[in-house]
Amino acid sequence: MSVDLVPQPAAASRSFDHARVQRLIGELLEAFGEDPGRPGLRETPRRVADAWRERLCYDPGRTGTVFDHETVTVGGSELVIVNSIVLSSTCEHHLHSMRLVATVGYRPAGCVVGLSKIPRIAELHAHRLQLQERIARGIADDLMDVAQTKDVGVIIHGEHRCMTQRGVRADQARTTSVLLHGCFEEDPQSQAWLREAAQQVAS
């Protein structure tokens with residue numbers, strides 16, 4: 001039997017003023033010394049507004065589908081780990097893009113989460129102005145709530161254009177965020193399995 005928990009409000013419900021974004025992009029082009037009326041730029045404000053709306057107002061769909069879990073190993077050593085969750089987000093400090101790869105694990109406690117829901121939860125947190133650490137925390141908090149367990153771990157490897165295309169220009173730099181709760185914090189073997197799954201992505 002499956003149960004759909006009440007989904008979180010979708011990111012699309014947040015206000016996005018498309019017309020105003022277009023006007024502001026036109027002003028920005030002028031501030032750059034460009035002519036927004038020239039052929040190559042006439043549609044740029046609309047295109048940029050469309051792109052930002054898609055980026056920030058993404059609706060991941062239902063994120064709370066769970067299923068009864070009938071197994072003698074509930075509360076034991078069984079783990080569910082999903083890796084290679086590729087996310088695109090935007091750094092709130094410089095509005096540069098972030099490419100993230102998440103590995104998410106949990107120990108079932110009477111129910112299992114529909115596997116597609118874990119990437120959906122991750123996408124929900126990625127599609128807004130963000131910090132990598134906050135994305136990891138949001139995924140962990142939501143998964144603990146949906147799966148009704150404290151045994152949750154999240155590892156995210158990120159490449160940030162604010163590091164690779166400006167400032168230090170560290171082309172090979174990668175940032176790793178690790179958030180461990182329950183067995184992933186207390187049990188070395190559970191943590192090792194999660195880290196091994198994450199390392200498969202990083203290598």
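Predicted model: local features only at pLDDT ≥ 70, side-chain atom pairs only at ≥ 80, totals over all residues.
User: Why are H1 and H2 called oblique to each other?

Analyst: Let's start with the angle. Helix H1 (residues 18-31) and helix H2 (residues 44-56) pack at about 125°, and their axes lie 8 Å apart. Angles of 65 to 115 degrees count as roughly perpendicular and those over 145 as roughly antiparallel, with the rest, apart from those under 35, called oblique. H1 and H2 are therefore oblique. The crossing of H1 past H2 is right-handed.

User: Which residues of H1 and H2 meet?

Analyst: From H1 come His18, Val21, Gln22, Ile25, Gly26 and Leu29, and from H2 come Thr44, Pro45, Arg46, Val48, Ala49, Asp50 and Arg53. Sorted by class, this contact has 6 nonpolar, 4 polar and 3 charged residues.

User: How do you know whether Ser190 is buried or exposed?

Analyst: Buried means under 20% relative accessible area. Ser190 has 1% relative accessibility, so Ser190 counts as buried. You will find Ser190 in helix H7 (residues 188-202).

User: What makes the pair Ser190 and Asp187 a polar contact?

Analyst: The cut-off for such a pair of N or O atoms is within 3.5 Å. The side chains of Ser190 and Asp187 make their polar contact at 2.6 Å. Beyond its neighbours within four places in sequence, Ser190 also touches Leu79, Arg107, Cys183 and Phe184.

Terms used
Residues numbered from 1 in each chain as written. Heavy atoms only, no water. Axes fitted to C-alpha atoms, helices over the stretch in contact; angles between N-to-C directions. Helix = DSSP H or I, 4+ residues; strand = E, 2+ residues; numbered from the N terminus. Left-handed = near helix turned anticlockwise from the far one by under 90°. Contact = heavy atoms within 4.5 Å. Nonpolar A, V, L, I, M, F, W, Y, C, P; charged D, E, K, R; others polar. Buried < 20%, exposed > 50% of the residue type's maximum accessible area, 1.4 Å probe, protein only. Polar contact = N/O pair within 3.5 Å; in protein donor to acceptor, adjacent residues only side chain to side chain.
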